[in-house]
Amino acid sequence: MSKLVLSVKGITKDFPGVRALKGVDFDLNEGEIHALCGENGAGKSTLMHILAGVFKQDVGEILLNGEKVSIANQKNANELGISIVYQERSLVGSLNVAENIFAARQPVGAFSVIKWKKLYDDTTELLLKLGIHIDPKAIVDQFSPAMQQMIEIAKALSLNPQVLILDEPTATITEKEVGLLFSLLRKLKEQGTAIIYISHRLAEIFQIADRVTVFKDGEHIATEEVINIDNEWIVNKMVGRELYFNRVEKLSHDEIILECIGLNSSKFKDINFKVGKGEIVSFAGLAGAGRTEVMRGLFGADKVSSGEVFINGKKVRIRHVNDAIKNGIGYLPEDRKDHGLFLEMAVSTNIASASLKKLSKGMNIDNKLINKTSETYRKKLNIITPSIHQKVVNLSGGNQQKVVLAKWLVVNPKIMIVDEPTRGVDIGAKAEIYQILRELTKEGTSIIVVSSDLPEVLAISDRIYIMHNGEIKGELSGDEATEQLVMKYASGIMN
Ligand SMILES: Nc1ncnc2c1ncn2[C@@H]1O[C@H](COP(=O)(O)OP(=O)(O)OP(=O)(O)O)[C@@H](O)[C@H]1O
Ligand SMILES: [Mg+2]
């Protein structure tokens, strides 16, 4: 019989207008990896925030090693041996790696002098465990979201926790890093660490978890040993209906809307590609292959040193983001927190923010129209929020992602770049988002998808370009592409 480490009993948590948790129970054993699943807004992160001392529950109790505990704040949670990797990034970009990992707990010697050498040595050791070779003195800002995520994980591990919470740790990382993370989690598990693992990628749950619990609308629905269940079981408990992810019908795209010739920058080399009218073209590759950099270059967000861009056969100059928008290009960024949302503003304000001209009457902003438009997209994308006037910061991660998407759907650009459009989005909503993208193409919109989710890329793309090391290494039609083939190009084995 394994030892019970953590026991959550009857926890209820209210936010204005929402009951995020309704009397939920949750158990965690020593040396167990316990997955927590549920749709966007089901209450997963809220429970984790309570365990990490960010929020206090309204009702219910938490027992740690059989004793009732009150988790007053984050420091207190750490002292109790609970450590968390948040769903949203929490690093301070302007500080270096070691300073972030050991924030406020630097090793000190006599007279409270920080032992810098020890700090950097400890950091290096920790990073090596995760298979990361970076300078502990490097400033965090310069790293990709994937690398920053690995630093977050290193930070949580540095506390040597008894209970480790990972809230969607793999949303921003790819295959190789997931492999490293999983082997590390298995090691921790052997040492007795109790792990709570949240993910929308069901395949991961079958790879790594011992038990799975499903929440729905703030309620505990079921807990089961992973060996007794399958994919359908989870989906059924989560959504309450069967879901099918079908390959979509392909249209012909003879009219070229966008053509890029010989784009170069410090981050990519000799990039040539075409996008047809109403076509969905994906850019596949591993994290760091340069896909996002190419899109940022095309969108005028980063500098491109040479190359030509043609839209509808006409050469265009895109030096700033405004040039791109004027030319009918929209961009749903990879990192919604930095580039996509005004977190402290209402859902409706965010949805309207890129289309104010369209949503104005003469010189005045038409609030009625903004509200009506926002309501339409709330329903269309099933954005879970008590109202469109709620601040975006209070929405669950996946629902924030839907707000950014809604914002660009209102703009309705000719060419829409979507960078990891379904990151953190539950499986039901994923299917809905792709359905919406497909509908847009029927109206003539062309879509460029950057995604690390290979099964999705294969399901939705008319054509796929595969990047490796800043270069396009392969081009496949949606019909000929297979996971194996894409991975061969992506890993640089083939070109
Ligand atoms: N600080 C807050 N203020 C108001 N409402 C909140 C706050 N935090 C969460 N909520 C609401 O509580 C509910 C549960 O959100 P939570 O973040 O726990 O969902 P989740 O299961 O983690 O979803 P996701 O998969 O999208 O991350 C949602 O309706 C959300 O809008
Ligand atoms: Mg969450």
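Helices (H or I, at least four residues) and strands (E, at least two) are DSSP runs, numbered from the N terminus.

This is a predicted model: local features need pLDDT of at least 70, side-chain atom pairs count only at pLDDT 80 or more, and totals for chains, interfaces and linings use all residues. Residues are numbered from 1 along each chain as its sequence is written, and chains are lettered from A and ligands numbered from 1 in the order in which they are written.

Now select the buried residues of helix 13: Ile 370, Thr 373, Ser 374, Tyr 377, Arg 378 and Leu 381. Look down the axis: they fall within an arc of 140 degrees (directions from the axis to the C-beta atoms), so they line one face. Their cover includes helix 12, strand 18, helix 14 and helix 15, counting contacts as C-beta atoms within 7 Å. Step past the helix to Asn 382, whose phi is positive, near 55 degrees.

Next, ligand 1. Its shell holds 21 residues, each with its C-beta atom within 6 Å. Select the closest: Phe 15, Asn 40, Ser 45, Ser 396 and Gly 398. Strand 2, helix 1 and helix 14 each supply at least two shell residues. Now colour by domain, with bounds from an automatic or database assignment. Domain 1 (4-81 + 161-239) and domain 3 (256-490) both contribute to the shell, so ligand 1 lies between them.

Definitions and conventions: Buried ≥ 20, exposed ≤ 12 C-beta atoms within 10 Å, placed from the backbone. Contact = placed C-beta atoms within 7 Å.
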